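Subject: Structure handover

Hello,

Here is the structure I promised. Please open it beside this email, and my notes follow below.

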Amino acid sequence: MDIKLIPIEVNTKEVTSLAKNEYGEVVESKLDSNFSELLLTHELFSAHLTLHGGHVLSWQPKGHEEVFWMSKKTQLQQGKAIRGGVPICWPWFGPYNGAGNHGFARTSIWQLSGIDISSEGIKIELELSGENCSPSWSYKFSVKQVLMFSTTFSQQLIIENLSHKDFQFSNALHSYFSVSNPANIAIPDLNSASFDDKINQLLGCAPADVFNCTGPIDKIYHHNSSMTLFDKGWKRAIEIKKSNSAQWVLWNPGINIAAGMADIHQQGEDEFVCLEAANTNWITVAKGEKLSLSQEVQVYKL
Ligand SMILES: O=P(O)(O)OC[C@H]1O[C@H](O)[C@H](O)[C@@H](O)[C@@H]1O
């Protein structure tokens with residue numbers, strides 16, 4: 001396979017304006033024939049994303065610091081997931097049938113299908129469709145991703161089953177939130193949720209107070225409504241609302257696991273907490289049917 005390794009911070013000269021008006025602009029920055037980034041500027045925020053994985057890399061509402069964390073060691077590489085931002089885990093979450101973690105959506109090239117710039121923000125539509133994309137999951141499908149960047153950030157996946165039979169998927173919107181330090185993070189909404197502890201292989205643990213998010217931590221919380229992550233270091237709160245998602249996954253690798261991960265920079269694990277709107281159990285989409293999942297993120301100063 002022709003492997004490309006491109007540092008994500010690359011500054012290229014090949015830049016094309018895709019849409020522009022009095023409120024903002026969307027610019028495509030081509031890194032090479034395979035990879036490009038979309039840079040979004042608007043009076044309310046700045047953001048960037050890439051079609052590799054249909055992946056949101058950053059979003060910074062005016063007056064706030066960057067919301068999503070990005071590893072300094074991640075690289076755009078064919079077939080490889082990006083470490084940071086919001087990877088789309090689909091059509092499976094975690095390992096599946098020997099096919100590796102988190103499905104093929106995060107390593108596939110998505111198509112740009114819509115841009116709308118208004119006083120409210122910038123709406124971007126992306127699409128991924130295919131058939132037999134993995135020997136482990138060989139259905140015909142289409143996924144539309146609707147991203148709305150504004151003072152809030154919303155992300156919707158509309159999953160359509162184009163096969164002649166029902167299919168199942170699991171998923172996560174695997175947000176890497178940038179934090180002052182996981183030790184400073186409280187997520188009180190998790191205190192009342194039962195959870196599965198992946199590290200200790202314990203299922204159905206009774207609710208327990210979450211005092212901080214220092215890793216290693218890898219838990220699946222069974223909770224289908226909003227969460228607020230409080231960062232006492234940076235004095236900010238991040239609220240995440242979601243729909244059609246039965247779990248939250250809380251993950252930070254901690255120092256030892258992170259040291260063994262080639263795409264996390266030194267002490268990078270001290271800079272993020274993953275709080276993922278997920279469905280870790282299979283969900284069925286009947287043939288010919290659609291299903292929509294979403295999250296909406298807002299930041300507040302404390
Ligand atoms: O390294 P990745 O495949 O991106 O997975 C990173 C992490 O994702 C989720 O949060 C899982 O719960 C973890 O078990 C996994 O380690």
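Which residues does Leu275 touch, not counting residues up to four places away in sequence? On that count, Leu275 touches Ser175, Phe177, Ile187, Met227, Leu229, Ile240, Trp248 and Leu250. Please keep in mind that this is a predicted model.

**The core**

Leu275 belongs to the largest nonpolar core, which has 66 residues. Together with Phe177, Trp248 and Val273, Leu275 touches the most other members. Strand β22, residues 272-285, gives this core its largest share, six residues. As a general point, nonpolar side chains in soluble globular proteins tend to be buried together.

**The ligand**

Now the ligand shell. The residues around the ligand are Ala81, Asn101, His102, Lys198, Asp218, Val249, Trp251, Cys274 and Glu276. By class, the shell holds four nonpolar, two polar and three charged residues. Strands β21 (247-252) and β22 each supply at least two residues of it.

**The five-stranded sheet**

Next, an open sheet of five strands. The order is β2-β3-β4-β5-β6, and the pairing is antiparallel. At the edges are β2 (15-20) and β6 (55-61), each of which pairs on one side only. Neighbouring strands in this sheet are turned by 15° against each other on average, direction ignored.

Look at the β5 and β6 pair. Strand β5 covers residues 45-50 and is joined to β6 by six bridges, antiparallel. Within the pair, Ser46 stands opposite Gln60, and Thr50 stands opposite His55. The hairpin has four residues between the two strands. In this hairpin, Gly53 takes a positive phi near 85°.

**Phe149**

Phe149 lies in strand β11, residues 140-149. Is Phe149 buried or exposed? Phe149 is buried, because 27 other C-beta atoms lie within 10 Å. Leaving out residues up to four places away in sequence, Phe149 touches Leu40, Phe45, Ala47, Trp59, Gly121 and Ile122. Phe149 and Ser46 are 103 residues apart in sequence, yet their C-alpha atoms are 8.4 Å apart in space.

**The eight-stranded sheet**

β11 also has a place in an open sheet of eight strands. The order there is β9-β10-β11-β12-β23-β20-β19-β15, with antiparallel pairing. β9 (111-118) and β15 (185-186) are the edge strands, and each pairs on one side only. Inside the sheet, strand β20 (residues 236-243) pairs with strand β23 (residues 290-301) in the antiparallel sense over eight bridges. There, Ile238 stands opposite Val299 in β23.

**Asp231**

Asp231 is in strand β19, residues 227-231. Why does Asp231 count as buried? Asp231 counts as buried because it has 22 C-beta neighbours inside 10 Å, and the cut-off is 20 or more. Not counting residues up to four places away in sequence, Asp231 touches Val179, Ser180, Asn184, Ile185 and Arg236. Asp231 and Asn184 are 47 residues apart in sequence and 5.7 Å apart in space, C-alpha to C-alpha.

**Strand β13**

Last, strand β13, residues 167-173. How many of its seven residues are buried? Six are buried, which leaves the strand mostly covered. β13 has two pairings to trace:

- With β22, the pairing is antiparallel and runs over six bridges. Phe167 stands opposite Val285 in β22.
- With strand β8 (residues 88-89), two bridges make the join, also antiparallel. Leu173 in β13 is the bridge partner of Ile88.

**Where to begin**

I would begin with β22. After that, turn to Phe149 with its contacts, including Phe45 and Trp59.

Best wishes

Note on methods:
Residues are numbered from 1 along each chain as its sequence is written. This is a predicted model: local features need pLDDT of at least 70, side-chain atom pairs count only at pLDDT 80 or more; totals for chains, interfaces and linings use all residues. A nonpolar core is a set of buried Ala, Val, Leu, Ile, Met, Phe, Trp, Tyr and Cys residues joined through C-beta atoms within 7 Å. A residue is buried if 20 or more other C-beta atoms lie within 10 Å of its own, exposed if 12 or fewer, and partly exposed in between; C-beta atoms are placed from the backbone. Two residues are in contact if their C-beta atoms, placed from the backbone, lie within 7 Å. A residue is near a molecule or strand if its C-beta atom, placed from the backbone, lies within 6 Å of it. Ala, Val, Leu, Ile, Met, Phe, Trp, Tyr, Cys and Pro count as nonpolar, Asp, Glu, Lys and Arg as charged, and the others, Gly among them, as polar. Two strands pair if DSSP finds at least two bridges between them. Axes are lines fitted to C-alpha atoms, for helices over the stretch in contact, and angles run from 0 to 180 degrees between N-to-C directions.
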